[in-house]
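Subject: Structure handover

Hello,

Here is the structure for you to look at. My notes on the metal sites follow below it.

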Amino acid sequence: MKADLHLHSNASDGAHSPAEVTEFCRRANVGVMSLTDHDTTAGLDEAAAAARLAGIRFLRGVEISSQWAGRSVHVVALGVPQANGQFEDFLAHVRALRLERSRRIGAKFAEIGIPGAWEGAVSEAGGPENLSRTHFALWLLHSGGVAHYEDAFERYLGAGGPCAVPRNWPQMEEVVSFIRACGAEPVLAHPGRYRLEVGWQEEALVDAFCGAGGRSIEVASGSQSEASGRRFAEIARRRGLYASVGSDWHSERSKRPMPGTVAQVPSDLTPVWSLFFEDSTQS
Ligand code: AMP
Ligand code: MN
Ligand code: MN
Ligand code: MN
């Protein structure tokens, strides 16, 4: 069964509605999907309804911003509870951190002579509820501040850039144990993307993740190299972890693979969706 368990809609920084993202999955013959917007469950009901109509198995998901060893690390939660006040409060807190950070990013742009960035990002996002650096990048692109979307990260928003703001996300370990306490499954997202030293630093990240109760990692992601995917598949094999895969798709403008086109779980690993669907098989 083809899986795509990491996807974004316009509930966070994707370009399409949850129903449209689901339609992309249907066209790609995806059998099991999860919508995993940053720090919000707002798109899940719409995507779940569309998936039901399309005959696609659906896992309610979210991608939570966290930090570990001074780095931003993303934890996907699969099978998140519906209308759980404690869970929603946690996400609302992270979104409040986003709002605060976005104002500081806007102030940094103003300091270097680029006014109106915060308002621009809000207009790109359609509101201030879930602002991402993506929305600043889009505003720069559309207002002619950069020629290419990626330039916004390279010149302004990326780590060390003039408009980068230190992250204040909750600690990864706290996020992982909270997700498990809520009955959902934490998945270490695109572990090959954190600019860790191959070997001991990667092992240390997985140690910390597993020490907090994590047992699932992405072994293929549209936002990490195939080589790192193979390394983390080997780590999953050695440690007996569940394996997940996802395109991490946001929009046609990015170079990432389209929904349903990312590499699948190797046949000797146990797919994470077997935790949710008893009859699930690899093929
Ligand atoms: P945030 O979660 O607000 O820090 O924004 C991070 C988001 O920006 C990621 O989820 C990606 O969608 C996007 N992003 C980060 N770095 C880059 C990059 N170098 N090029 C393109 N998009 C990026
Ligand atoms: Mn994103
Ligand atoms: Mn991510
Ligand atoms: Mn993502």
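The manganese ion (ligand 2) and the manganese ion (ligand 3) are 5.7 Å apart. This is a predicted model, where local features need pLDDT of at least 70, side-chain atom pairs count only at pLDDT 80 or more, and totals for chains, interfaces and linings use all residues. Residues are numbered from 1 along each chain as its sequence is written, chains are lettered from A and ligands numbered from 1 in the order written, and side-chain values use heavy atoms, leaving out hydrogens and water.

**Ligand 2**

D13 (OD), H38 (NE2) and H250 (NE2) coordinate the manganese ion (ligand 2), at 2.1 to 2.2 Å. Donors are N, O and S atoms within 2.8 Å of the metal (3.2 Å for Na, K and Ca); water is not among the atoms, so sites may look incomplete. The donor spacing in sequence is D-x24-H-x211-H. D13 sits in the loop between β1 (3-4) and α1 (18-27), and H250 in the segment after β7 (242-246), so the pair ties together parts 237 residues apart in sequence. Helices (H or I, at least four residues) and strands (E, at least two) are DSSP runs, numbered from the N terminus. Both D13 and H250 are buried. Buried means under 20% relative accessible area, exposed over 50%, partly exposed in between (1.4 Å probe, protein chains only).

**Ligand 4**

The manganese ion (ligand 4) lies 4.7 Å from the manganese ion (ligand 2). Its protein donors are H6 (NE2), H8 (NE2), E63 (OE) and D248 (OD), at 2.1 to 2.2 Å. H6 is in the loop between β1 and α1, and E63 is in strand β3 (residues 57-68); this pair links parts of the chain 57 residues apart. H6 and E63 are both buried.

Best wishes
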